[in-house]
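Dear colleague,

Please find below the structure that I am handing over to you. My notes on it follow directly after.

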Amino acid sequence: MLQSRALLIALILLFSTTVPEVHSKAIFEKDRRDWMVIPDAIAAYIHEAVNKVSPRVAQLLVDAAQTQPVVVTRNFLIKETTKLSILAEQLMEKIKNLWYTKVLGY
């Protein structure tokens, strides 16, 4: 019992999400810069599966996901991946402009 509880806590910490947030996010939004949406969706599916088997363990997962270290880490990851997304978009725009001006001569 203790091992399975530790495993479930490790899984939720790995995916680090709160369940209500997952259902409010679309996975493939065009302007989405939050890379945590796929782990969020996976965590929601795990929560739903665990909730069908044991609602008490599912509540334990939700409580673990809402602890301060998990929330702080998740917010940090979201903020940093958003910065990386913006930089990648800017790089792609520069490459596209170079392609059009230098290679194609537009």
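Is Glu80 buried, partly exposed or exposed? Glu80 is partly exposed, with a relative accessible area of 28%; here buried means under 20% relative accessible area, exposed over 50%, and partly exposed in between, computed with a 1.4 Å probe and protein chains only.

Two remarks on provenance come before the rest. This is a predicted model, in which local features need pLDDT of at least 70 and side-chain atom pairs count only at pLDDT 80 or more, whereas totals for chains, interfaces and linings use all residues. Residues are numbered from 1 along each chain as its sequence is written, and side-chain values use heavy atoms, with hydrogens and water left out.

Overall architecture

The protein chain contains 5 helices and 0 strands, and its elements run α-α-α-α-α from the N terminus on. Helices (H or I, at least four residues) and strands (E, at least two) are DSSP runs, numbered from the N terminus. Of the 106 residues in the protein chain, 26% are buried.

Helix α3 covers residues 37–53, and its 17 residues should span 24 Å at 1.5 Å a residue; the expected span is 1.5 Å times one less than the number of residues. The end C-alpha atoms of α3 are 25 Å apart, which agrees. The buried residues in α3 include Val37, Asp40, Ala41, Ala43, Ala44, His47 and Val50.

In helix α4 (residues 55–65), the buried residues are Val57, Ala58, Leu61, Val62, Ala64 and Ala65. They cover an arc of only 165° around the axis, which puts them on the same side of α4; the arc is that of the directions from the helix axis to the C-beta atoms. The exposed residues Pro55 and Arg56 are carried by the face of α4 turned away from its buried side.

Asn51 lies in helix α3 and is partly exposed, with a relative accessible area of 35%. From C-alpha to C-alpha, Asn51 and Leu61 are 9.5 Å apart in space, and they are 10 residues apart in sequence.

Salt bridges

How many salt bridges does a search of the whole structure find? The search finds 3, a salt bridge being a side-chain nitrogen of Lys or Arg within 4 Å of a carboxyl oxygen of Asp or Glu.

One of them joins the side chains of Asp40 and Arg74, at 2.4 Å from N to O. Asp40 lies in helix α3 and Arg74 in helix α5, so the pair ties together parts that are 34 residues apart in sequence. Both Asp40 and Arg74 are buried.

Another links Lys83 with Glu80, whose closest N and O atoms are 3.5 Å apart. Lys83 and Glu80 are 3 residues apart in helix α5, which means that about one helical turn separates them. Lys83 is partly exposed, with a relative accessible area of 45%.

Glu93 also forms a salt bridge with Lys96, the closest N and O atoms being 3.8 Å apart. Both residues lie in helix α5, 3 residues apart, about one turn of the helix. Glu93 is partly exposed at 38% relative accessible area, and Lys96 is partly exposed at 39%. As a general point, an α-helix has 3.6 residues a turn, so residues three or four places apart point the same way.

Glu80 and Trp35 are 45 residues apart in sequence, while their C-alpha atoms are 9.7 Å apart in space.

Thr81 lies in helix α5 (residues 68–103) and is buried, with a relative accessible area of 14%. The side chain of Thr81 reaches the backbone oxygen of Ile78 at 3.1 Å.

A nonpolar patch on the surface is formed by Trp99, Tyr100, Val103, Leu104 and Tyr106, with about 580 Å² of accessible area together. Patches are made of residues with over 30% relative accessible area and no salt bridge, like charges being joined within 9 Å and nonpolar side chains (Val, Leu, Ile, Met, Phe, Trp, Tyr) within 5 Å. Accessible areas come from the Shrake-Rupley method with a 1.4 Å probe, and for residues only the protein chains shown count as cover.

With kind regards

Conventions: Polar contact = N/O pair within 3.5 Å; in protein donor to acceptor, adjacent residues only side chain to side chain.
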